[in-house]
Amino acid sequence: LCTDTDTTEDHQIICFNAFVDWFHWLHNRLKWISDPKACRQEAMLHAGGPRGQGAATSSGEARLERTTWQDDVVPSPVSLSTLKNNFEACDFDNSGALNVAQLHYALQACGLFPTEQQLQERCARCPFGLNFDDYDALQADMRADESVQKKHLAVPYSRRGLTLEQLQMIGSTFVDSGWLQAKCEASNADTSAEISAGTAIACVENLYALDRFVVRPATDPEAYRGLPENLRRGAGLPAPVRRS
């Protein structure tokens, strides 16, 4: 949260970068609420596959905890509307056709994880990409093919994250309403002796306070009900099914 005095270009850049970092961090925490299975699957993929089959591929991925995951999963058939949503989400250039790279994500959204060779062989007949009907036929064919690896559905990247409207809802509900400031003042009153002695830091309305009083409770099934119901509804917070 930038103050009104942060008017220099350097301060604006620092504030913007801090906001972007917080946005990605908050998005990663909240997406565990809405689709924990898909996110555990993503964690396994970033960690290099099932336990004992590889290592993380980058320093960023190394921060994700390695997760055991069942590979012999037979995903349920995907509805036609979901297939269309997946197709549109993976058609990044709005061309009406999926190339091989885009097709990887579209098939993973159906729980299908073919190898590069398997995908290239099936796409050789469509050098200009696969339209929706081709994609539908391909996913049905791969679902019946025992040689194609099946796992839990993976949410397409373009359908993950928080929209600007969602961020604004969180801000207006918890920050603009004065609720977060009141929580900081109450915390400071409880620890006034420690603050005066220099053994504790005064709580102020910033991203640390938002994490402490909003993000962590909102992603903890036990602490979730401690947030006022009207604020939960106002911010559109879903009930968490597991701790992140």
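Helices (H or I, at least four residues) and strands (E, at least two) are DSSP runs numbered from the N terminus.

This is a predicted model, in which local features need pLDDT of at least 70 and side-chain atom pairs count only at pLDDT 80 or more, while totals for chains, interfaces and linings use all residues. Residues are numbered from 1 along each chain as its sequence is written, and side-chain values use heavy atoms, with hydrogens and water left out.

**Nonpolar cores**

- A nonpolar core is a set of buried Ala, Val, Leu, Ile, Met, Phe, Trp, Tyr and Cys residues joined through side-chain atoms within 4.5 Å; buried means under 20% relative accessible area (1.4 Å probe, protein chains only).
- The largest core has 18 residues, and L98, L103, L107, L119, Y135, L138 and M142 touch the most other members.
- Two or more residues each come from α3 (80–90), α4 (100–108), α5 (116–123) and α6 (132–144), and α6 gives the most, with 4 residues.
- L119 is in contact (heavy atoms within 4.5 Å) with V100, L103, H104, L107, P114, L138 and M142, leaving aside neighbours within four places in sequence.
- Another core, of 17 residues, lies apart from the largest one and includes F174, W179, L180 and F213.

**Cysteines**

- The structure holds 0 disulfides, a disulfide being a pair of cysteine sulfur atoms within 2.5 Å.
- C90 is in no disulfide, and the nearest cysteine sulfur, that of C110, is 8.8 Å away; C90 is buried at 1% relative accessibility.
- The sulfur of C123 is too far for a bond with the closest cysteine sulfur, in C126, because the two are 6.9 Å apart. C123 is buried, with a relative accessible area of 7%.

- T173 is in helix α7 (residues 164–176) and is buried, with a relative accessible area of 10%.
- A polar atom of the T173 side chain lies 2.7 Å from the backbone oxygen of M169.
- Not counting residues up to four places away in sequence, T173 touches W179, L231, G234 and A235.
- In helix α10 (residues 207–218), the buried residues include A209, L210, F213, V214 and P217.
- At the start of α10, a side-chain oxygen of N206 comes to within 3.1 Å of the backbone nitrogen of Y208.

How values were computed:
Buried means under 20% relative accessible area, exposed over 50%, partly exposed in between (1.4 Å probe, protein chains only). A polar contact is a pair of N or O atoms within 3.5 Å; within protein, one must be able to donate a hydrogen and the other to accept it, and residues adjacent in sequence count only if both atoms are side-chain atoms.
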